[in-house]
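Dear colleague,

I am handing over the structure we spoke about, and you will find it just below. After it I have set out what was found, element by element, for someone who has not seen it before.

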Amino acid sequence: MRVGIGYDSHRFAEGRKLVLGGVEIPHPRGLAGHSDADVVAHALTDALLGAAGLGDIGALFPDTDPQWHNADSIRLLNQAYLRVLEMRLHLVNADVTVIAEQPAIARFVDQMREKLAGALLCGPSDISVKGKTNEKMGFIGRGEGIAAIAVAVLE
């Protein structure tokens, strides 16, 4: 068994769609980033890569490379997972916590689990996604951005 932990955060930006776990969430602002800034997919990608000893998302998909500009992070997650499979490892399960004051994500969790499971070639029951607030503390608590933490177990 191999375990990896991933973390990502992005600040809010005007004029962008908010995408979390591959799902477009109705919100007046999206997240700033080179790709679609999906903190859920980014944290999970880092967790997978970490568990496999393959570095991190920035090494695999650098933001200095224009081909990743506005990239679909679910596609990047799938490409990272294909590398994991090449190492003869596969996902046992993954757990993601989204940390945001707004928006509430509870009604989108099942859609996110479906999207993430599709990218990871598994069932939604192998993926957990939950939301937490930051109790109004720090940049998240002030509504300046969103963060996500993920854990992935491979065997």
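**Helix H4 and its surroundings**

In helix H4, which spans residues 109-119, the buried residues are Val-109, Met-112, Leu-116, Ala-117 and Ala-119. Viewed down the axis of H4, these buried residues fall within an arc of 155°, so they line one face of the helix. An α-helix has 3.6 residues a turn, so residues three or four places apart point the same way. On the face of H4 turned away from its buried side are the exposed residues Asp-110 and Glu-114. The cover over the buried residues of H4 includes strand E2 (18-20), strand E3 (23-25), H1, helix H3 (73-86) and E6. Just after H4, Leu-121 adopts a positive phi of about 55°. Please keep in mind throughout that this is a predicted model.

**The sheet**

The sheet is an open one, formed by 5 strands in the order E4-E1-E7-E5-E6, and its pairing is mixed. Its edge strands, each of which pairs on one side only, are strand E4 (30-31) and strand E6 (127-132). Strand E1 (residues 2-13) and E4 run antiparallel and are joined by 2 bridges, and Phe-12 stands opposite Leu-31 in E4. Helix H1 (residues 39-52) packs on this sheet, where it touches E1, E4, strand E5 (91-99) and E7, and the direction of H1 makes about 155° with that of E1.

**Two residues to look at**

The side chain of His-10 makes a polar contact of 2.9 Å with the side chain of Asp-8, and another polar contact, of 3.4 Å, joins the side chains of His-10 and His-42. Leaving aside neighbours within four places in sequence, His-10 is in contact with residues including Leu-31, Ala-37, His-42 and Ile-146.

Arg-142, by contrast, lies in the loop between helix H5 (138-141) and strand E7 (145-154), and Arg-142 counts as exposed because its relative accessibility is 56%. The side chain of Arg-142 makes a polar contact with the side chain of Glu-144, at 2.7 Å. Although Arg-142 and Ala-100 are 42 residues apart in sequence, the separation in space is 9.6 Å, C-alpha to C-alpha.

Terms used
Residues are numbered from 1 along each chain as its sequence is written. This is a predicted model: local features need pLDDT of at least 70, side-chain atom pairs count only at pLDDT 80 or more; totals for chains, interfaces and linings use all residues. Side-chain values use heavy atoms; hydrogens and water are left out. Helices (H or I, at least four residues) and strands (E, at least two) are DSSP runs, numbered from the N terminus. Buried means under 20% relative accessible area, exposed over 50%, partly exposed in between (1.4 Å probe, protein chains only). A polar contact is a pair of N or O atoms within 3.5 Å; within protein, one must be able to donate a hydrogen and the other to accept it, and residues adjacent in sequence count only if both atoms are side-chain atoms. Two strands pair if DSSP finds at least two bridges between them. Contact means heavy atoms within 4.5 Å. Axes are lines fitted to C-alpha atoms, for helices over the stretch in contact, and angles run from 0 to 180 degrees between N-to-C directions. The arc is that of the directions from the helix axis to the C-beta atoms.
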